[in-house]
Amino acid sequence: MAQLSDDCFAFGGALLPLDDAQARVAALHACVAGREEVALEAATGRILAADFIAPIDLPPQTNSAVDGYAVTHADLLADRPTLLPLFGRTAAGHAPAGPVPRGHASRIFTGAVMPEGPDTVMMQEDCEATDAGVVVQPGIRRGANRRPAGEDVARGAMALPGGRRLMPPDIGLLAALGMGRVTVRTPLRVALFSTGDEIIDPPAPLAPGRVYDANRFMLAALLRRLGASVLDGGILPDDRRATQEALAAAAGRADLMLTSGGVSTGEEDHVRAAIAAAGSLAFWRVAIKPGRPVALGEVAGTPLLGLPGNPVAALVTFAALGRPLLDRLAGAVYAPPSRFAVASGFAYRKKAGRREYVRVQIGADGIARRYPKEGAGIITSLTESDALMELPEDMTELAPGDVAPCIPMGLLHG
Ligand code: AMP
Ligand code: MG
């Protein structure tokens, strides 16, 4: 077996705490992505290259939030209804009527620009239209039902921070601020490999001893949702030299290399040795379950993350280490997924010194129940669970009724 780098032996094979592994990812890597302008229609999932400063007020003009009557608050009697003769009518998208003389009400509709004069809008449901004018009830607050210009975002304010991965509401906000195009980071090029002599691509006929590749398809889907462009490296055989050559060949063409499988300590696990031979390793054992064998290194200056082969472990370690690494390289600000406190409906024992992620289903009663099949190869535990319950390193026992942080499954995907 090839000589592993000194760095790797610095841990003496000990398990690296997840926080330390994440700190290493952050310390070792910075943004390598460029910038490009794309149409808003193509910007979902892309990373905003710089703080976005609002070029206009939103809303652009003060307007009505309801269908009703624009009035001047000071004209209203405090203790009884007020009859106001009508002056003008303003519909959305049309020039405002006005200026409205004092003592009058002006018909107005949702989204219409407020005419000059009135400062408050009465909902039509609270008014009575008569031949002499409109009768309005007392008690409304000055400025009610009026949406001031810039109330949502003021011109010159930072509307979205640089490094943000654009989600559908962000696209809506950019459009509302008049943008047709937006400057984003160029997609990170990620070379993606599976490993293992038993792995084959669907839909080839299933030969004895073979299993279809789940990880490459799952990880490619994850990467694409995160705005990366995937370079398909295919399936590598369980052979150190072939693995080493494939990684070295991909190194110059990708910003990041991602493998799954072959990072354990079995005789047929060649990825770690291949990284050590072709480049260097920063760590290869992390105190996390599922997932313990996960390797961070580089080959010819290109960072490489070696995920474990079991699909559940591959997804969990991708979320814990792959996502922060990808975000860092791609110019995105990494934000750990939100955790929600949920009461456990089960007892659980764990080893001290490692972080565990337990797949749970959360019932209508709000109680988390453990997914019944626990193997790290059970793919349906990913498709059928609601969340990962996060149990910290120092915990050894969870009792029913204990509250623990849970990460909704969907937050691992995008
Ligand atoms: P390894 O980490 O290579 O020892 O793999 C651990 C387990 O995960 C083995 O049962 C492999 O067959 C399985 N496995 C590895 N890679 C994949 C993959 N790409 N898709 C589905 N299962 C895999
Ligand atoms: Mg393998």
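At what angle do the axes of helix H4 (residues 215-225) and helix H7 (residues 311-330) cross? Roughly 30 degrees, with the two axes coming within 11 Å. Keep in mind that this is a predicted model.

**Helices H4 and H7**

- Angles under 35 degrees count as roughly parallel, so H4 and H7 are roughly parallel to each other.
- The crossing of H4 past H7 is right-handed.
- On the H4 side, the residues that meet H7 are Asn 215, Met 218, Leu 219, Leu 222 and Leu 223. Their partners on H7 are Pro 311, Ala 314, Leu 315, Phe 318 and Leu 326.
- Sort the residues of this H4–H7 contact by type and you get nine nonpolar, one polar and no charged.

**Helices H5 and H6**

- Here the axes of H5 (residues 240-251) and H6 (residues 271-278) come within 8 Å and cross at roughly 55 degrees. That angle makes H5 oblique to H6.
- H5 also goes past its partner H6 in a right-handed crossing.
- H5 brings Arg 240, Thr 243, Gln 244 and Leu 247 to the contact. H6 answers with Val 271, Ala 273, Ala 274, Ile 275, Ala 277 and Ala 278.

**Around ligand 1**

- Ligand 1 has 13 residues around it, and the closest are Glu 198, Asp 213, Ala 214, Gly 262 and Gly 309.
- Glu 198 has a side-chain N or O atom 2.5 Å from an oxygen atom of ligand 1.
- Asp 213 puts a side-chain N or O atom 2.7 Å from a nitrogen atom of the ligand.

- Gly 98 and Pro 99 are linked by a cis peptide bond, with omega at about 5 degrees. You'll find Pro 99 in the loop between strands S6 (86-90) and S7 (105-108).
- Another cis peptide bond links Lys 289 to Pro 290, this time with omega at about -5 degrees. Pro 290 sits in the loop between strands S20 (288-289) and S21 (293-299).
- Asn 145 isn't a glycine, yet has a positive phi of about 60 degrees. Look for Asn 145 in the loop between strands S10 (133-136) and S11 (146-147).

Methods
Residues are numbered from 1 along each chain as its sequence is written. Chains are lettered from A and ligands numbered from 1 in the order in which they are written. This is a predicted model: local features need pLDDT of at least 70, side-chain atom pairs count only at pLDDT 80 or more; totals for chains, interfaces and linings use all residues. Side-chain values use heavy atoms; hydrogens and water are left out. Axes are lines fitted to C-alpha atoms, for helices over the stretch in contact, and angles run from 0 to 180 degrees between N-to-C directions. Helices (H or I, at least four residues) and strands (E, at least two) are DSSP runs, numbered from the N terminus. Angles under 35 degrees count as roughly parallel, over 145 as roughly antiparallel, 65 to 115 as roughly perpendicular and the rest as oblique. A crossing is left-handed if the near helix is turned anticlockwise from the far one by less than a right angle, and right-handed if clockwise. Contact means heavy atoms within 4.5 Å. A residue is near a molecule or strand if one of its heavy atoms lies within 4 Å of it. A polar contact is a pair of N or O atoms within 3.5 Å; within protein, one must be able to donate a hydrogen and the other to accept it, and residues adjacent in sequence count only if both atoms are side-chain atoms. Ala, Val, Leu, Ile, Met, Phe, Trp, Tyr, Cys and Pro count as nonpolar, Asp, Glu, Lys and Arg as charged, and the others, Gly among them, as polar.
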